[in-house]
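Hi,

Here is the structure I promised to pass on.

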Amino acid sequence: MVTPHRTARPTSRGARVLRRTLVGALVMVVLVIGGTAFRVWQVARFDERRPVDIAVVLGAAQYHGTPSEVLEARLDHALELYRQGMVEHLVTVGGSQPGDAYTEAGAGKKWLAEHDVPRDRITDVDVGSDTLGSVSAVAELAEGRGWDSALIVSDPWHSLRAKTMANDLGLETWASPTRSGPMVQTRATQLHYIVRETGALLYYRLTHASAEVDGDSLG
């Protein structure tokens, strides 16, 4: 007895379109995330230093007026830019935690003054609990003082997001990332922060709000 040949049930056109749409969307998501991660890594590798109006030292933890290792690495880099004549003014930013006698900005100004930068060349902006808040305050200050261009001084992986925010706020900005400090010591650390900054930058681009990244001053 011959068994009748069964024909495969044709897949409906709607199902095929849905499958292709889902695959296309997945590919787009992967490309966007991968492209953003590449840009975080790419900007981190280059120092865009050039003569500008100000260098902006983004805040990090301080302890009773003494900068943490992360903040000191940023301050030391900004001091180098100042001594090279890249900038005439340094701007330190960052608020304080409850109970602190110093703000991050104040601790930064104190450190720079102790390293022979004249106090009238340092402006401390002691507001902002995250990158966007701090950069917004700097952009407002720059507009009032006629400063049009800036170098962002932060950790390499943080540079693209901070630079993007500053440019969005109308301050022409380039990145001059640190090359020392805890954030650049191991490949595992570097990968960790590239992943975190990729997520934070995508969040900012979607919402124009700052992602809260606790414990490392990359908010």
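This is a predicted model: local features need pLDDT of at least 70, side-chain atom pairs count only at pLDDT 80 or more; totals for chains, interfaces and linings use all residues.

Let me start with Arg74 and Asp155, which form a salt bridge whose closest N and O atoms are 2.5 Å apart. Arg74 sits in helix α2 (residues 69-83), while Asp155 belongs to the loop between β6 (149-153) and α5 (159-168), so this pair ties together parts that are 81 residues apart in sequence. Have a look at how covered the two partners are: Arg74 has a relative accessible area of 0% and is buried, and Asp155 is buried too, at 2%.

Next up is Arg161 with Glu197, whose side chains meet in a salt bridge at 2.9 Å, N to O. Here Arg161 comes from helix α5 and Glu197 from helix α6, so the pair ties together parts that are 36 residues apart in sequence. Arg161 counts as buried at 1% relative accessibility, and Glu197 is buried with a relative accessible area of 2%. There is also a network to look at: salt bridges that share partners join Asp47, Arg49 and Glu80 into one.

The pair Lys110 and Glu114 is set within one helix. Their side chains meet in a salt bridge, 3.2 Å from N to O. Both residues are in helix α3 (residues 104-114), and because they are four residues apart there, about one helical turn separates them.

Now for the second largest pocket, which has a volume of about 150 Å³. Which elements give two or more residues to its lining? They are α1 and α6 (187-207). Eleven residues line this pocket, and those nearest its centre are Trp41, Ala44, Arg45, Trp157 and Gln190. Sorted by class, the lining has six nonpolar, two polar and three charged residues.

Is Leu31 buried or exposed? Its relative accessible area is 55%, and since the cut-off for exposed is over 50%, Leu31 is exposed. Leu31 is also part of a nonpolar surface patch of about 450 Å², which Leu31 makes together with Val23, Val27, Met28 and Val32.

**One more residue**

Last, please find Ala137 in helix α4 (residues 131-145). Ala137 has a relative accessible area of 16%; buried means under 20%, so Ala137 is buried. How far apart are Ala137 and Val127 in space, C-alpha to C-alpha? The distance is 7.1 Å, and the two are ten residues apart in sequence.

That is what I have for now. If you open the model, I would begin with Arg74 and Asp155, the buried pair, and then go on to Arg161 and Glu197, which are buried as well.

Cheers

Note on methods: Residues are numbered from 1 along each chain as its sequence is written. Side-chain values use heavy atoms; hydrogens and water are left out. Patches are made of residues with over 30% relative accessible area and no salt bridge: like charges are joined within 9 Å, nonpolar side chains (Val, Leu, Ile, Met, Phe, Trp, Tyr) within 5 Å. Accessible areas come from the Shrake-Rupley method with a 1.4 Å probe; for residues, only the protein chains shown count as cover. A salt bridge is a side-chain nitrogen of Lys or Arg within 4 Å of a carboxyl oxygen of Asp or Glu. Buried means under 20% relative accessible area, exposed over 50%, partly exposed in between (1.4 Å probe, protein chains only). On a 1 Å grid over the protein atoms alone, a cavity is a set of points where a 1.4 Å probe fits but cannot get out, and a pocket is an open set with protein on both sides within 12 Å along at least five of seven lines; lining residues have an atom within 4 Å of a point. Grid points are joined across faces, edges and corners, and a volume is the space filled by probe spheres set on the points. Ala, Val, Leu, Ile, Met, Phe, Trp, Tyr, Cys and Pro count as nonpolar, Asp, Glu, Lys and Arg as charged, and the others, Gly among them, as polar.
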